[in-house]
Amino acid sequence: MKTYPPLLLLLFCSVLGGAEPQTAEQTRAGWRKSEANPVLGGKLGTCFDVAVLKENEKYRMWFSWRPKKSLALVESTDGIHWSEPEIVLGPNSANDWEEDINRPVVVKRADGYHLWYTSQARGSSRIGYAKSANGKNWARSSHQPVLSPDQPWEKVAVMCPHVEWDDSTKLFRMWYSGGEQYEPDAIGYATSPDGISWTKLPSNPIFEANRTNAWEKYKVTACQVVRHGEWFYMFYIGFRDVDQAQIGLARSRDGISRWERHPANPIISPSQNQWDHDACYKPFGLFEDHGWLLWYNGRHGSVEQIGLAIHPGEDLGF
């Protein structure tokens with residue numbers, strides 16, 4: 001008899017068991033927001049930009065904890081109820097480029113955990129790199145940023161890294177955002193054999209705003225790229241203007257070119273008078289057995305928290 005992970009069982013029952021459908025203004029293409037939202041925030045203050053790994057039967061989430069200017073780690077058995085946060089990497093007073101640490105991505109390999117993060121100072125953003133044996137105790141691998149803005153389209157900021165290890169080429173693959181400091185403008189691509197020395201694609205950026213789509217005409221940024229089957233799926237933020245953001249989905253055969261946007265975009269939108277009333281940001285998705293889980297940021301006024309959406313079934317509807 002097939003058994004389901006606790007989170008999937010709980011949410012699939014909600015989706016398929018006659019729960020009131022959510023409107024197209026909230027979710028599309030089969031996605032549904034969890035009724036438990038927000039799943040992290042509240043008394044913790046602003047929590048945003050997550051990276052999640054599933055290890056055995058436990059979810060581990062690294063996130064940006066704004067009041068502490070640090071990265072924190074929480075753990076959960078169901079993806080909804082999380083442990084008290086533990087700061088795992090904070091600002092570094094030994095240099096002048098790490099006043100605020102945020103926007104992490106974590107890769108686990110046989111040689112341990114690898115972390116890339118955004119560091120901010122003096123009106124600019126750069127990307128740093130650290131390693132850990134357990135995902136909690138991190139050691140910086142370089143006193144200098146491993147990626148800095150040095151191309152015209154990157155302006156003053158590179159941030160929001162998402163990294164995957166490609167075992168076939170023995171390269172780390174990074175999708176990152178570049179542009180303005182408040183919110184970057186487009187998405188670029190780089191590769192590295194060691195996580196420190198990166199080669200940017202000369203034709204960057206690889207993904208830009210579609211000016212004919214009103215919901216994303218201003219900027220696209222902060223993506224996560226997931227290789228699943230024969231496709232690379234990109235979850236990304238689309239900005240209508242500087243304050244209004246929604247979540248979109250695209251796919252590519254190689255993760256670099258010929259991106260095909262989902263016909264139902266945006267897939268996750270703000271809910272009227274709810275915790276994500278003003279904007280839905282920074283998605284991070286995982287595929288588990290029979291469905292997709294997607295954690296994302298939501299903002300209402302000045303309060304930003306983390307929520308969860310689910311998509312039953314493997315087919316994302318392209």
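This section describes the aromatic contacts, cysteines and pockets of a predicted model. Local features were considered at pLDDT of at least 70 and side-chain atom pairs only at pLDDT 80 or more, whereas totals for chains, interfaces and linings use all residues. Residues are numbered from 1 along each chain as its sequence is written, and side-chain values use heavy atoms, with hydrogens and water left out.

The structure holds 21 aromatic pairs, a pair being two rings of Phe, Tyr or Trp (its six-membered ring) with centres within 6.5 Å, classed as stacked for planes under 30 degrees apart, edge-to-face for over 60 and tilted for the rest. One of these is the edge-to-face pair of tryptophan 31 and phenylalanine 235, with 6.1 Å from centre to centre and 90° between the planes. Because tryptophan 31 belongs to the loop between α1 (6-16) and β1 (32-33) and phenylalanine 235 to strand β15 (residues 231-239), this pair ties together parts that are 204 residues apart in sequence. Helices (H or I, at least four residues) and strands (E, at least two) are DSSP runs, numbered from the N terminus. Together with Tyr233, Phe287, Trp292 and Phe318, Trp31 and Phe235 form one aromatic cluster.

The rings of tryptophan 116 and tyrosine 129 are stacked, because their centres are 4.8 Å apart and their planes are at 15°. Tryptophan 116 lies in strand β7 (residues 112-121) and tyrosine 129 in strand β8 (residues 124-132), so this pair ties together parts 13 residues apart in sequence. Tryptophan 116 is buried, with a relative accessible area of 0%, and tyrosine 129 is buried at 1%.

Charges also sit over aromatic rings, the criterion being NZ of Lys or CZ of Arg within 6 Å of the ring centre and within 35 degrees of the ring normal. Lysine 54 lies over the face of tyrosine 59, 4.6 Å from the ring centre. The charged end of arginine 251 is placed over the ring of tryptophan 231, at 3.8 Å from its centre.

With a disulfide defined as a pair of cysteine sulfur atoms within 2.5 Å, the count is zero. For cysteine 160, the closest cysteine sulfur is that of cysteine 223, at 8.7 Å, too far for a bond. The sulfur of cysteine 280 has its closest cysteine sulfur in cysteine 160, at 16 Å, also too far for a bond. Cysteine 160 is buried, with a relative accessible area of 4%, as is cysteine 280, at 0%.

Pockets were located on a 1 Å grid over the protein atoms alone, as open sets of points with protein on both sides within 12 Å along at least five of seven lines; a cavity is a set where a 1.4 Å probe fits but cannot get out, and lining residues have an atom within 4 Å of a point. Grid points are joined across faces, edges and corners, and a volume is the space filled by probe spheres set on the points. The largest pocket holds about 450 Å³ of space. Its lining comprises 24 residues, with Leu53, His162, Val163, Glu164 and Leu286 nearest the centre. Strand β10 gives the most to this lining, with five residues. The lining of the largest pocket divides into 14 nonpolar, two polar and eight charged residues, where Ala, Val, Leu, Ile, Met, Phe, Trp, Tyr, Cys and Pro count as nonpolar, Asp, Glu, Lys and Arg as charged, and the others, Gly among them, as polar.

Notes: Buried means under 20% relative accessible area, exposed over 50%, partly exposed in between (1.4 Å probe, protein chains only).
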